Amino acid sequence: PVQVAGSTVSRATLHNEDEIKRLDVRVNDTVIIQKAGDIIPDVVEVLERLRPKKSKKFEMPKKCPVCKSDVRRKSGESAHYCKNRDCAAQHREGLYHFVSKKAFNIDGLGPKILDQLLDVGLIKDASDIFILEKGDIQELERFDVKSAENLISAIDKAREISLGRFIYALGIRHVGEETAQALAIRFGALGAIKSASQEELSKVPDVGGVVAESIAEYFSEDKNQD
């Protein structure tokens with residue numbers, strides 16, 4: 001950890017393979033960092049004189065570490081993705097996103113509790129969250145009667161949600177908070193968004209061809225419709 005622009009920085013994420021290659025960042029290297037825009041830790045340079053002997057270059061995994069499916073990178077994009085849409089890791093991350101602050105905002109239902117609910121089989125998907133009962137939860141580790149009541153109360157409060165937040169909660173690729181709100185304003189109802197053509201979607205502010213394709217693809221899948 002190092003002091004940079006008034007705060008302690010312990011991590012600077014590198015998830016762009018091209019940037020890793022451009023900088024020639026290797027395992028156990030010493031690097032210089034700055035804060036991009038005074039906020040985001042950014043690796044600027046590698047100090048090669050401090051590089052360990054027999055240093056190893058980083059290679060992006062060819063297989064998903066969880067489901068062992070192939071990993072791909074679409075042309076023109078920087079991120080790598082597991083190709084398996086039923087990957088358990090993707091499913092969990094999707095649930096974390098679903099209950100997050102800008103989505104359903106269910107107080108007290110963070111990743112650790114979601115993991116616990118998934119691991120014991122109390123939930124399988126997002127809709128199962130809304131049929132949980134106090135008795136299901138109070139027997140779990142970290143819970144008692146009161147904390148179980150609090151969680152059920154938080155879930156009850158989240159039963160009604162604006163359309164924009166709901167669309168954002170679904171975790172459709174390329175659909176962030178502003179795009180979800182733009183879709184809600186343009187179409188006004190979930191059914192209208194689901195049935196919209198790719199051409200209609202692409203005319204919405206904040207939605208271009210790539211995003212429109214992603215939305216149409218999401219709603220074309222039976223499991224997402226369910």
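Reader: At 54% relative accessibility, does Lys-68 count as buried or exposed?

Author: Lys-68 counts as exposed, at 54%. The cut-offs go like this: buried is under 20% relative accessible area, exposed is over 50%, and partly exposed is in between, with a 1.4 Å probe and protein chains only. Before we go on, this is a predicted model, where local features need pLDDT of at least 70 and side-chain atom pairs count only at pLDDT 80 or more, while totals for chains, interfaces and linings use all residues. Residues are numbered from 1 along each chain as its sequence is written, and side-chain values use heavy atoms, with hydrogens and water left out.

Reader: Okay, and what is the phi of Lys-68?

Author: The general idea: most residues other than glycine have a negative phi. Lys-68 has a positive one, near 70 degrees. You'll find Lys-68 in the loop between strand 4 (40-46) and strand 5 (71-72); helices (H or I, at least four residues) and strands (E, at least two) are DSSP runs, numbered from the N terminus. Ala-5 also has a positive phi, near 50 degrees. Ala-5 sits in the loop between strand 1 (2-4) and strand 2 (7-9) and is exposed, at 59% relative accessible area.

Reader: Next to cysteines. How many disulfides does the structure hold?

Author: A disulfide is a covalent bond between the sulfur atoms of two cysteines. The test here is a pair of cysteine sulfur atoms within 2.5 Å. This structure holds zero.

Reader: How far is the sulfur of Cys-82 from the closest cysteine sulfur?

Author: That distance is 3.5 Å, to Cys-67, so the two sulfurs are too far apart for a bond. Cys-82 is buried, at 16% relative accessible area, whereas Cys-67 is partly exposed, at 25%.

Reader: Let's do the hydrophobic side. How many residues does the largest nonpolar core have?

Author: In soluble globular proteins, nonpolar side chains tend to be buried together. A nonpolar core is a set of buried Ala, Val, Leu, Ile, Met, Phe, Trp, Tyr and Cys residues joined through side-chain atoms within 4.5 Å. The largest one has 47 residues, and Ile-106, Leu-109, Ile-129, Leu-183 and Ile-215 have the most contacts inside it. Helices that each supply at least two residues of this core include helix 2 (88-98), helix 3 (111-119) and helix 5 (145-157). Apart from this core lies another, of five residues, among them Ile-20 and Leu-23.

Reader: Which residues is Ile-129 in contact with, leaving aside its neighbours within four places in sequence?

Author: Contact means heavy atoms within 4.5 Å. For Ile-129 the list is Phe-98, Val-99, Ile-106, Leu-109, Leu-114, Ile-123 and Ile-155.

Reader: And in helix 3, which residues are buried?

Author: Those are Ile-113, Leu-114, Gln-116, Leu-117 and Leu-118. Their cover includes helix 2 and helix 5. After helix 3 comes Gly-121, with a positive phi near 85 degrees.

Reader: How many aromatic pairs does a search of the whole structure find?

Author: Five. Rings of Phe, Tyr and Trp (its six-membered ring) pair if their centres lie within 6.5 Å; planes under 30 degrees apart are stacked, over 60 edge-to-face, and the rest tilted. Phe-98 and Phe-130 form an edge-to-face pair, 6.5 Å centre to centre with 75 degrees between the planes. Phe-98 is buried at 8%, and Phe-130 is buried at 17%. Ring pairs also link Phe-98, Phe-104, Phe-130 and Phe-166 into a cluster.

Reader: What sits over the ring of Tyr-81?

Author: To qualify, NZ of Lys or CZ of Arg must be within 6 Å of the ring centre and within 35 degrees of the ring normal. Over Tyr-81 it's the charged end of Arg-173, 3.8 Å from the ring centre. Likewise, Arg-186 lies over the face of Phe-187, at 4.8 Å.

Reader: Last one: how many salt bridges does the structure hold?

Author: It holds 18, counting a side-chain nitrogen of Lys or Arg within 4 Å of a carboxyl oxygen of Asp or Glu. Take Arg-51 and Asp-29, with closest N and O atoms 2.9 Å apart; both residues are buried. Arg-92 and Asp-119 make another, at 2.6 Å, which links helix 2 to helix 3 across 27 residues. There, Arg-92 is partly exposed at 23%, and Asp-119 is exposed at 56%.
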